[in-house]
Amino acid sequence: MGRISRREFNRLAAAAGALTIVPFGGAGAQVRFVSPPFQLGVASGDPSADGFVIWTRLAPEPFDTAYLGQTIFEVVWEVAEDSSFARMAKLGTAWARPHLAHAVHVVVDGLQPGREYFYRFRLGRYESPTGRALTCPAPDAAVASMKFAFSSCAHYEQGYFSAYHWMAQDRPDLMIALGDYIYEDSWGERRVRQFDSLEAVTLDDYRHRYTQYRTDPDLQAAHAACPWLVTWDDHEVDNDYVSEVSEHELCGGEAVRQSFPARRAAAYQAWFEHMPIRPSRLRPDMHVQIYGSIDWGSLARFYVLDTRQYRSVQACSGVPIVTRCDFGKNRKILFGGAGGASFIDPAAASCKAELADASRTVLGAAQEQWLDGALAASRAAWNVIAQNVMVMTVAEGTPESPRIHSDAWGGYPPARERFFNSLIRHRAANPVVLTGDIHSFWVCDLENAAGRPVGVELVASSIATTTYDKSATLPLNPGARFHDGEHNGYVRCELTRGKLRTDIVAIDQREDPRSGRRVLATFDVRSGDPRVHRVDG
Ligand SMILES: [Fe+2]
């Protein structure tokens, strides 16, 4: 669709309004709420060369889920070439339905490749904030450069979201969220604000949690700044869960085991309702397929992986690392050991066979096959793989008796080797893995089991959580070129054909809602050289 005149637009918008179904028996233009319905902001995501998804959710009374009742609303959406909406590119209407919490996901297509757009929603007299989105460059376009930023782990109680504020200020072309976008539960000592509900278990609980997050102005600004690519990690459902196995199961709770699939489905649905992703990702059985890829011209192919939904149970999960289970007040188990980390002894008889078992998987067979095919088909100058958990083994302990982090790729050596073999076999150009989860910054060279360099791994610390300083473990982690376990923040990258420049960006203080920031370190990865080089002196 080409440009349309303001008059034509007004005519179409008025016609769309007349079709609106409203709770009070009037037309769309007559809709009145106690407060504005667009309080949770707007978002865009899943960009393609001819469009993107735009998102909002009607929530005039954000914490009263019954307020909008069973009414279906028809919402007008507008996409323009300018932020004042003088040059309208596309418009239409979309349904906000009660069974999806009145979320609106619009797949906008027919736009020009490689350009900036602005979007907003309208319902009656109400108008949403304006968001900025970009289409990907045309598939074979020789793009000179692009900027992206990535982050993970935002615990609403443990800090303000200044890191999101600064990500938005950078105005990248793309933001990538690597999981733990919400936390299902409270933990940590220094809380600056409170969840207003207990651990999320039901659909209503998870919706409530996302609603509270989406009232945060810094998070709203980050969503409005550019399209996002999103994956999830464990806390979108339950700490350290994999597949349909809850960490609660380690306590032997049969009732938990039986009920967990329903809990996971509720969590997935609420995640879908609040993420700017294509509606086709939500399957009728409430499974959500979140892996996929996008091409940024011929410069980069971005892959998004799901390392939770299809994964085999962590190795040695039968080994009792749990010291206490407490289901009182809907609380979860407490892990034993300092920091609660699941570090295992890879030499223990009970672990060894499991770690070597090639049938164990991180991605599941279908996703592994898809990734292999997507890597084989890629003609991009850079292959950027966004996923959740550390690919480099993180070890701690002593050289004589190391312990490895079992909830990451290091706990699945044959699966990781299959991933590396795909990169090698298909000669994937310049592989760069983006990682979150571990609440500390890392920059790593990745090697396969034979010691062959296969790419680099860049790891973002958390937006707002307690951080984990692993400096003492560095002698046991020779692939690590940089580690910082003291700061919250994010990672921003500028990609050109010749190199990837990476800034490790730290905020000063997560307890400060207006925290400053600084660059802790800068690294280059040069095309054709699968190693990182620190360039900030
Ligand atoms: Fe996390």
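Start by selecting helices α7 and α8: α7 passes α8 in a right-handed crossing. Keep in mind as you go that this is a predicted model.

**Stop 1: α7 and α8.** To find the pair, select residues 365–377 for α7 and residues 413–425 for α8. Their axes come within 9 Å and cross at roughly 20 degrees. Angles under 35 degrees count as roughly parallel, and α7 and α8 are therefore roughly parallel to each other. Now show the side chains where the two helices touch. On the α7 side, pick Glu 368, Leu 371, Asp 372 and Leu 375. Facing them from α8 are Arg 418, Phe 419, Ser 422, Leu 423 and Arg 425.

**Stop 2: α2 and α4.** Next, select residues 162–170, which form helix α2, together with residues 217–225, which form helix α4. Here the axes lie 8 Å apart and the packing angle is about 25 degrees. With that angle, α2 and α4 are therefore roughly parallel to each other.

For the contact, show Ser 162, Tyr 164, His 165 and Ala 168 in α2. They meet Asp 218, Leu 219, Ala 221, Ala 222 and Ala 225 in α4. Then color α2 by burial: Ser 162, Ala 163, Tyr 164, Met 167, Ala 168 and Asp 170 are buried.

Stop 3: Select Asp 46, which sits in strand β1, residues 42–48. Asp 46 is not a glycine, yet its phi is positive, at about 45 degrees. Is Asp 46 buried or exposed? Its relative accessible area is 6%, so Asp 46 is buried, the cut-off for burial being under 20%.

Move on to His 102, in the loop between β4 (88–96) and β5 (103–108). His 102, also not a glycine, has a positive phi of about 60 degrees. His 102 counts as buried because its relative accessibility is 5%.

**Stop 4: the iron ion.** Which residues coordinate it? They are Cys 153 through SG, Asp 180 through OD, Tyr 183 through OH and His 439 through NE2, at 2.1 to 2.5 Å. Along the sequence, the donor residues follow the spacing C-x26-D-x2-Y-x255-H.

Trace the chain from Cys 153 to His 439 and you will link distant parts of it, 286 residues apart. Cys 153 belongs to strand β9 (residues 145–154), whereas His 439 is in the loop between β20 (431–435) and β21 (441–447). Both Cys 153 and His 439 are buried.

Why is the arrangement around the iron ion irregular? The four donor atoms subtend angles of 82 to 175 degrees, so the arrangement is irregular. A tetrahedral site would need all angles between 85 and 135 degrees.

**Last stop: the whole protein.** Zoom out and switch to a cartoon view. The protein has eight helices and 28 strands. Of its 537 residues, 58% are buried. Among contacts between residues at least 6 apart in sequence, 71% join residues at least 24 apart.

How values were computed
Residues numbered from 1 in each chain as written. Predicted model: local features only at pLDDT ≥ 70, side-chain atom pairs only at ≥ 80, totals over all residues. Heavy atoms only, no water. Donors = N, O, S within 2.8 Å, 3.2 Å for Na, K, Ca; no water. Tetrahedral: all angles 85-135°; square planar, octahedral: opposite > 155°, others 65-115°. Helix = DSSP H or I, 4+ residues; strand = E, 2+ residues; numbered from the N terminus. Buried < 20%, exposed > 50% of the residue type's maximum accessible area, 1.4 Å probe, protein only. Axes fitted to C-alpha atoms, helices over the stretch in contact; angles between N-to-C directions. Parallel < 35°, antiparallel > 145°, perpendicular 65-115°, else oblique. Left-handed = near helix turned anticlockwise from the far one by under 90°. Contact = heavy atoms within 4.5 Å.
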